[in-house]
Amino acid sequence: MASEFDLSRNITIGQYVPTGSFIHRLDPRIKLLVFTILVLAIALNTSYLGNALGLLLSIYLFWASKIPISYGLSGIKPAIPFIIILAVLQLIFQGNVFSGGKVFFEYGFILITSESIRLVIVSAVRFVEIILLSSVLTLSTSTTDLTHAIQSLLSPLKKVKFPVHEISLIITIAIRFVPTFAIEMEKMMKAQASRGADFGSGEWWRIIQRTKDMLPIIIPLFNIALSRAEDLILAMESRCYTPGNDRSSYSVYKAIGRDYIVLMIGLLFSALLLFYHFPY
Amino acid sequence: MKGSLSVRNIVIAGVLGAVAILLGVTRLGYIPVPTAAGNATIMHIPAIIGGIMQGPVVGAIVGIIFGVSSFLNATVPLFKDPLVAILPRLFIGVIAWLVYVGIRRKSEYLAIGTAAFLGTLTNTVLVLTMAVVRGYMGAEVAWTVAITSGIPEAIVGTIVTLAVVLAWKQIGKGKKSKISEDL
């Protein structure tokens, strides 16, 4: 019963697992760059073999970063129903778009070919790969590192007066507070449930009832969020934080040899996924 | 842009962005309704509140965070198109702010309520317009969705926004940081 309120368990975003592995010690800028390129390459690859390689890579990264793979799997679990629904929809409706290959089944507008089956399997596996890859990135990189990396990769935009530093600070605050608010929300749901409140178990057509069930959670959630914001504003202002100033950083990143090696391997792997014509 | 983002704007945009992400990730932000769209969303409410409280820039930033998180979490192909998922969300907070500033002199309550109502309609109308423009659904389907999920969404949005903003204005009286006015 209580397990349905365990929101924080399903949220892998903003959780850092320090194991001090090789992956953890990489330059975060390089990590973010390689991650972005890899996700792009995986998103564009439609072959079985290519995606199997991608899946192997994402599992290997979990092993190499010494993070239990259960962390990654817990991110996949809530997505399973949607993956299945998407697969069924694609199987039924995409046959005409991705025709070609052997025709297995044809009835009215339903057309199932080897190409549409490939689309279904590949896009499900791809979903898993992208979830695993992004969990490795967020689990092995602290939010501070991640934001510094975003900031340094966006810094060319400073030339056009884009507030790079401020935007990256907003992103950090947003990511940082998601788990905190999840825990707060869990507490509130448990408190409300203990006094007999009921969440979302009403029949789905009773819109007004279901909305009313939400109000005792959502309104306090906003209030907690805003009062936390007040505290944070006061804390930042009393430490004389001034937006828009040029500022230096306590930790300065310097990419060393192994970072460039990882960058090269990442680029080569992505190029392989993008340009090599896989036989299967 | 320099100077337009104060400490207050940065923190409130970040915190409301976190709420928008949380509502999306936990599925609490969706209220299932029996329509083609499937869900009435309340995830746009942080953007409206950001717009009302801190002006158009914060409203737009929270809107982008909401848009990106709905793009990343999307399971319907419709929202895997950045033009549908992200672009329309930019305007929610901006419209809410414009409406709020326009009516504020007459009545605070009326202004917040109308801003929330029209902000929600902005989301519904722009998303559906983009969906029709990009060819994901026909105009009739869009009208049905607009009426069956847009109206309940707008009503829920108004109630939640009023409750949150009014409660916050009470809290803010004693605790609001004085330093940001001096700077």
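This is a predicted model: local features need pLDDT of at least 70, side-chain atom pairs count only at pLDDT 80 or more; totals for chains, interfaces and linings use all residues.

Q: How is a pair of packed helices described in general, and what are the values for α7(A) and α8(A)?
A: Two packed helices are described by the angle between their axes and the distance between the axes. Here, take α7 (residues 143-154) and α8 (residues 164-194) of chain A. Their axes come within 9 Å and cross at roughly 155 degrees. Angles over 145 degrees count as roughly antiparallel, so α7(A) is roughly antiparallel to α8(A).

Q: What is the hand of the α7(A) and α8(A) crossing, and which residues make the contact?
A: The crossing is right-handed. On the α7(A) side, the contact is made by Thr143(A), Thr147(A), Ile150(A), Gln151(A) and Leu154(A). On the α8(A) side, look for Val164(A), His165(A), Ser168(A), Leu169(A), Ile171(A), Thr172(A) and Ile175(A).

Q: How do α4(A) and α6(A) cross?
A: Read the distance and the angle again. The axes of α4(A) and α6(A) (residues 114-140) come within 9 Å. They cross at roughly 130 degrees, which makes α4(A) oblique to α6(A). This crossing is right-handed.

Q: Which residues meet between α4(A) and α6(A)?
A: From α4(A), select Tyr71(A), Gly72(A), Gly75(A) and Ile76(A). They meet Val128(A), Ile131(A), Leu132(A), Ser135(A) and Leu139(A) in α6(A). The contact residues divide into six nonpolar, three polar and no charged.

Q: What span does α1(B) have, and why is it called largely enclosed?
A: Start with the span. Helix α1 (residues 7-25) of chain B has 19 residues. From first C-alpha to last it reaches 27 Å, close to the 27 Å expected at 1.5 Å a residue. Now burial. Of the 19 residues of α1(B), 18 are buried, so the rest of the structure largely encloses this helix.

Q: Where is Lys66(A) placed, and is it buried or exposed?
A: Lys66(A) lies in the loop between α3 (48-64) and α4 (69-76) of chain A. Its phi is near 60 degrees, a positive value in a residue other than glycine. Residues over 50% relative accessible area count as exposed. Lys66(A) has 56% relative accessibility, so it counts as exposed.

Q: What is phi of Cys240(A), and where is this residue found?
A: Phi of Cys240(A) is near 60 degrees, a positive value in a non-glycine residue. Cys240(A) sits in the loop between α9 (207-238) and α10 (257-275) of chain A. With a relative accessible area of 62%, Cys240(A) is exposed.

Key. Residues are numbered from 1 along each chain as its sequence is written. Chains are lettered from A and ligands numbered from 1 in the order in which they are written. Side-chain values use heavy atoms; hydrogens and water are left out. Helices (H or I, at least four residues) and strands (E, at least two) are DSSP runs, numbered from the N terminus. The expected span of a helix is 1.5 Å times one less than its number of residues. Buried means under 20% relative accessible area, exposed over 50%, partly exposed in between (1.4 Å probe, protein chains only). Axes are lines fitted to C-alpha atoms, for helices over the stretch in contact, and angles run from 0 to 180 degrees between N-to-C directions. Angles under 35 degrees count as roughly parallel, over 145 as roughly antiparallel, 65 to 115 as roughly perpendicular and the rest as oblique. A crossing is left-handed if the near helix is turned anticlockwise from the far one by less than a right angle, and right-handed if clockwise. Contact means heavy atoms within 4.5 Å. Ala, Val, Leu, Ile, Met, Phe, Trp, Tyr, Cys and Pro count as nonpolar, Asp, Glu, Lys and Arg as charged, and the others, Gly among them, as polar.
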